[in-house]
Amino acid sequence: MAEYDLVVRGGEVATGFGTTRCDIGIRGGRIAALADRVEGGASTLDAGGLLVLPGGIDSHCHIEEPSRGGYVSTAGTPPVTVNEESFVSASTSAFAGGTTSVVCFVPQWKHEGILPRLEDYEQRAARGMLDYSFHQIITDPTPDVLEREVPLIVAKGIRSLKVFLTYEPLHLSDEEYIRVLVTARKNGCLVTVHCENYAAIKWRTEALLAAGMTSPKYHAWSRPGIVEREATHRAIALAELVDQPIQVFHVSCAEAAEEIARAQHRGLKVWGETCPQYLTLTAADMDRPGFEGAAYMCSPSPRTAEEHGRVWEMIRRGTLDIVSSDHCGFSMGGEHGKASAGRDASFDAIPNGIPGLAARLPILFSEGVSKGRITLDDFVRLSATNPARLMGLAPRKGMIAVGADADLAVWDPKKKVTLTNTLMQHAIDYTPYEGLEVTGWPVATVRRGTVVMRDGVVQAEPGTGQFLPRGPYAMATPRGVLANGFDAAPAPG
Ligand code: URP
Ligand code: ZN
């Protein structure tokens, strides 16, 4: 019997601390050997002349997410809508783009507990091929949810709670947000936060609509950077008060990132994520003719080309240390997509979100590494190692090391590709990155030792993705620094 199930031969292996030319011996889905020469593989994957990167971890993806009574549209959607991307189509798309694990979202519907939705979502996720973990969205933090249900989901291995500070009906008041922070602190969870000011956006939206300014481009006008900055400041201040680690999701602009930088400077456990859309798309994209602008509509809004440069600077400084996709696809056609309220709907009635699962790594590599804005080590950290660490998935995921899962993206750093929707291999009928030229492309993807994509052809058995349970971990542990030394919410016992 062969000593290894697979040997990845002759690649330039990216460790996050430089590269080294070596073979990788894989046994039982894990990396078993890293050496100049590894013999005895039942099969071989030739990586000569190519980079071997840790499989991407996308810690912010909306996949097959059911919604009720309006998800991201203030106008509401049909009673129950399941996000168009299934776990099977999302897995295909992720593998096509070099990503092997995701963290996606279990919804909570107002006036309901979290367990019924979790049970449903577990069944959906189990049908895919990607490895996965969950963030639990909290929209209705009742005592029963916080005191009885959260400990139960933590026992199942879910270690992050997601809250929205905007959107009807998802947004939390300050008081509700504090209660979630306290619960997370007691249970060893990270809190991830969508930072935009609900009341400010509502006020501006009403004024825009009253003035007849209804087309997609006014989405950006309804939520300028200041609403993101204010909510980021508040989210951080309240987290500091409670002494609870948080991650600020999808930071679109430097003014919000500066709030994170200040917090980090003071030693707070606050992390910031950004996404490819805030490095490539602009508010002007939403000013395309007719309904076309809806294709670029996400929240926070894409800003300007100048802002892209400032966001890159915040990445280089380490203030923003994860680049996720915030994949949240709605097709331009069909009943449940962007046009669910009609093609002449006002901007506030158009679902927010864009697809980006497959495009994330090629865009980050091309705009970042190929254009000299970041190093290859930065790329590895932003796309895999940092999400693994912050989500409590390390050391199993996010690095190429003996004992880690053999999740790899074999990467041609010179290959030039023009992005098209076909290449994305997702269920959505468009990509906002159509026509973008990238340098650097995944030529093979390996998930736990199985070659699941080769030259763009994805081959993986539905149902082979694994749930990734998370235990207690240091990054989600409070600092133990409390105002006046007074713990307003001590853990029981
Ligand atoms: O526009 C976005 N980002 N849609 C997805 C939901 C969210 O806000 O993360
Ligand atoms: Zn999101």
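**Exercise 1.** Is glutamate 39 buried, partly exposed or exposed?

*Solution.* The structure is a predicted model, and in it glutamate 39 has a relative accessible area of 48%, which makes this residue partly exposed. As a next step, look at its partner: arginine 37 forms a salt bridge with glutamate 39, and the closest N and O atoms of the two are 2.8 Å apart.

**Exercise 2.** Find which parts of the chain are linked by the salt bridge between arginine 448 and aspartate 131.

*Solution.* Begin with the contact itself, in which the two side chains meet at 2.6 Å, N to O. Then place the residues: arginine 448 sits in the loop between strand 17 (437-447) and strand 18 (450-454), while aspartate 131 belongs to strand 10 (residues 131-137), so that distant parts of the chain, 317 residues apart, are linked. Finally, arginine 448 and aspartate 131 are both buried, and both take part in a network of salt bridges that also includes Arg30, Arg396, Lys397, Asp405 and Asp407.

**Exercise 3.** Work out which helices are tied together by arginine 234 and aspartate 174.

*Solution.* These two residues form a salt bridge whose closest N and O atoms are 2.9 Å apart. Because arginine 234 lies in helix 7 (residues 225-242) and aspartate 174 in helix 4 (residues 174-187), the pair ties together parts that are 60 residues apart in sequence. Arginine 234 is buried, at 18% relative accessible area, whereas aspartate 174, at 36%, counts as partly exposed.

**Exercise 4.** Explain why cysteine 195 is too far from the closest cysteine sulfur for a bond.

*Solution.* A disulfide needs two cysteine sulfur atoms within 2.5 Å. The closest cysteine sulfur to that of cysteine 195 belongs to cysteine 253 and is 11 Å away, therefore too far for a bond.

How values were computed: Residues are numbered from 1 along each chain as its sequence is written. Chains are lettered from A and ligands numbered from 1 in the order in which they are written. This is a predicted model: local features need pLDDT of at least 70, side-chain atom pairs count only at pLDDT 80 or more; totals for chains, interfaces and linings use all residues. Side-chain values use heavy atoms; hydrogens and water are left out. A salt bridge is a side-chain nitrogen of Lys or Arg within 4 Å of a carboxyl oxygen of Asp or Glu. Buried means under 20% relative accessible area, exposed over 50%, partly exposed in between (1.4 Å probe, protein chains only). Helices (H or I, at least four residues) and strands (E, at least two) are DSSP runs, numbered from the N terminus.
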